[in-house]
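Biologist: I would like to learn how to read a few features of a model with you. Could we take them one at a time?

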Amino acid sequence: MSDMDVIRPGSMIGVLGDGQLAKMIAVAAAQLGYKVFVLGPKGRESPAGQVAYRAATWGDGASVTDELLEQFCSLVRVVLVEWENVPVALVRRIEERGIPVRSS
């Protein structure tokens with residue numbers, strides 16, 4: 001593993017989905033010194049949105065604005081997919097910006 005593969009504490013992790021699993025990820029990440037930006041259907045009003053460092057609403061997912069996506073991608077080092085209903089087009093748009101998405 002190179003230094004480029006290491007995501008250091010203080011970095012922001014993106015999560016697509018904002019439910020209970022994303023909430024648990026955000027809490028655990030914070031305990032390890034990471035910040036979490038959740039992007040999902042309910043944003044700040046969701047379980048994860050209530051504890052995440054940042055949260056935003058994606059509407060129907062496929063229509064995330066370029067402005068929101070640019071903001072999200074400029075802040076996160078890696079993106080985790082919380083649930084199986086994340087639009088594939090959204091994942092591809094993130095990967096096109098050079099952000100690794102796990103699980104891919």
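Biologist: How many aromatic pairs does the structure hold?

Modeller: This is a predicted model, in which local features need pLDDT of at least 70, side-chain atom pairs count only at pLDDT 80 or more, and totals for chains, interfaces and linings use all residues. Residues are numbered from 1 along each chain as its sequence is written, and side-chain values use heavy atoms, with hydrogens and water left out. Rings of Phe, Tyr and Trp (its six-membered ring) pair if their centres lie within 6.5 Å, and planes under 30 degrees apart count as stacked, over 60 as edge-to-face and the rest as tilted. The structure holds two such pairs. One of them, Phe37 with Phe72, is edge-to-face, at 5.0 Å centre to centre and 80 degrees between the planes.

Biologist: Which parts of the chain does the pair link?

Modeller: Helices (H or I, at least four residues) and strands (E, at least two) are DSSP runs, numbered from the N terminus. Phe37 lies in strand β2 (residues 35–40) and Phe72 in helix α2 (residues 66–75), 35 residues apart.

Biologist: Are Phe37 and Phe72 buried or exposed?

Modeller: Buried means under 20% relative accessible area, exposed over 50% and partly exposed in between (1.4 Å probe, protein chains only); both Phe37 and Phe72 are buried.

Biologist: Which residues have the most contacts inside the largest nonpolar core?

Modeller: A nonpolar core is a set of buried Ala, Val, Leu, Ile, Met, Phe, Trp, Tyr and Cys residues joined through side-chain atoms within 4.5 Å. The largest has 19 residues, and those with the most contacts inside it are Leu16, Phe72, Val79, Leu90 and Ile94. Its largest share, four residues, comes from α2.
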